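Open the model in your viewer and keep the selection panel at hand. The stops below go from strand to strand.

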Amino acid sequence: MRIAFVLSLLSTLSACTTAAPCPAGETRIYRDGQDTTGTCQSTGSDSGDSATTDSGDTAATALTLANCATTVASDVPKFYQDFFRCADIAIDGDSVMIHTHDLPPHPSSYYPTTDPNWEAWDDRGGDYHQNPNTLSTQDSYVWVPLSPVAKGITVTSDMVDGFATTSTEEYNGGALGVGLDSVLLFAGFAAPNDDISQEQYTFDTWDGHPQETGVYHHHSPNPGALSVLVAEGLATTNVPGNAEIELYGIACDGTVILGCTELDGSTPDEGDFDGQNGHVADIVGPDATVYFTGRYHQHVCPGKYNDAYFAEIQYYTTCETR
Ligand SMILES: [Zn+2]
Ligand SMILES: [Zn+2]
């Protein structure tokens with residue numbers, strides 16, 4: 001059933017694709033916002049691989065927010081500069097191109113047991129069980145349009161059912177977007193014939209899990225993204241539902257994914273929420289910086305609002321991932 005997912009990833013090789021895949025063991029490195037071709041470079045087998053800062057070469061060093069490699073071009077909108085870590089971000093045409101190795105900068109039982117980021121599984125009283133997959137380094141890209149164009153649809157609660165391929169307006173089955181900590185976000189549904197409400201019991205203690213090809217991802221609020229806000233001094237806890245400001249990431253179409261708060265820490269006005277807790281408003285930071293004007297965004301808040309998972313319905317026209 002995951003074959004459909006792989007096919008959908010392959011089918012998204014798109015107009016934004018500017019270079020062929022690199023040989024095994026190599027990663028395409030983009031030097032700056034002008035370099036859309038890049039060069040393939042050997043990355044070795046360590047988990048902290050980067051051509052820009054080569055500090056992750058000792059196998060004994062765990063990958064963290066503090067030592068992960070972050071490269072954000074200076075012409076990228078401030079939103080990405082202020083809130084994203086552990087990824088390479090540059091302008092590519094009329095999009096922001098986010099390149100991630102999708103390695104969570106925190107412990108996970110889904111790392112190989114030999115990895116310094118590996119930790120023992122916590123079954124949390126017996127409710128949770130590990131899936132058979134092991135997370136691995138990815139070479140993933142998400143292109144977020146600089147100026148998203150709304151489809152003009154209204155997202156009703158009927159369209160948001162937690163199942164894939166039940167609406168023509170859904171995101172495809174691949175990556176939905178990228179979290180603040182460079183971990184891929186997946187939409188609020190499992191693969192066809194799977195049930196996200198059951199799959200959630202394979203989430204690790206950071207609310208993530210890998211699928212069959214090792215792609216680690218989140219479907220819902222998680223401490224990983226909030227840890228970036230803690231590191232930035234914008235929150236004092238990374239526990240979803242309890243942080244002063246809750247921002248998780250951005251979706252491929254331009255939808256901003258927030259938690260229980262607006263980006264300035266205020267409480268969202270539920271009055272105009274659609275079927276996936278989305279609405280359109282300016283995205284304003286805690287220091288009154290206006291990051292986006294009139295931007296569709298979703299609020300996912302544990303135990304609150306209708307939808308416990310990231311967006312299922314694609315509000316804007318384009319979603320490019322690879
Ligand atoms: Zn999943
Ligand atoms: Zn809002």
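Start with strand β4, residues 88-92, and β5: they run antiparallel and are joined by 5 bridges. Strands here are DSSP runs of E, at least two residues long, numbered from the N terminus, and two strands pair if DSSP finds at least two bridges between them. This is a predicted model, in which local features need pLDDT of at least 70, side-chain atom pairs count only at pLDDT 80 or more, and totals for chains, interfaces and linings use all residues. Residues are numbered from 1 along each chain as its sequence is written, and chains are lettered from A and ligands numbered from 1 in the order in which they are written.

Select aspartate 88; opposite, in β5, is histidine 99. In the hairpin of β4 and β5, 2 residues separate the strands, and glycine 93 has a positive phi near 65°.

Next, select β5 itself, residues 95-100: 6 of its 6 residues are buried (20 or more other C-beta atoms within 10 Å of their own, with C-beta atoms placed from the backbone). Ser95, Met97 and His99 point one way, Val96, Ile98 and Thr100 the other. β5 also pairs with strand β6 (residues 140-145), antiparallel, over 6 bridges; there valine 96 has valine 144 as its bridge partner.

Move to β11, residues 247-251, where 5 of 5 residues are buried. β11 pairs antiparallel with strand β7 (residues 175-179) over 3 bridges, and alanine 251 is the partner of glycine 177. With β12, β11 forms a hairpin with 4 residues between the strands; glycine 254 in the turn has a positive phi of about 110°.

Methods
Buried ≥ 20, exposed ≤ 12 C-beta atoms within 10 Å, placed from the backbone.
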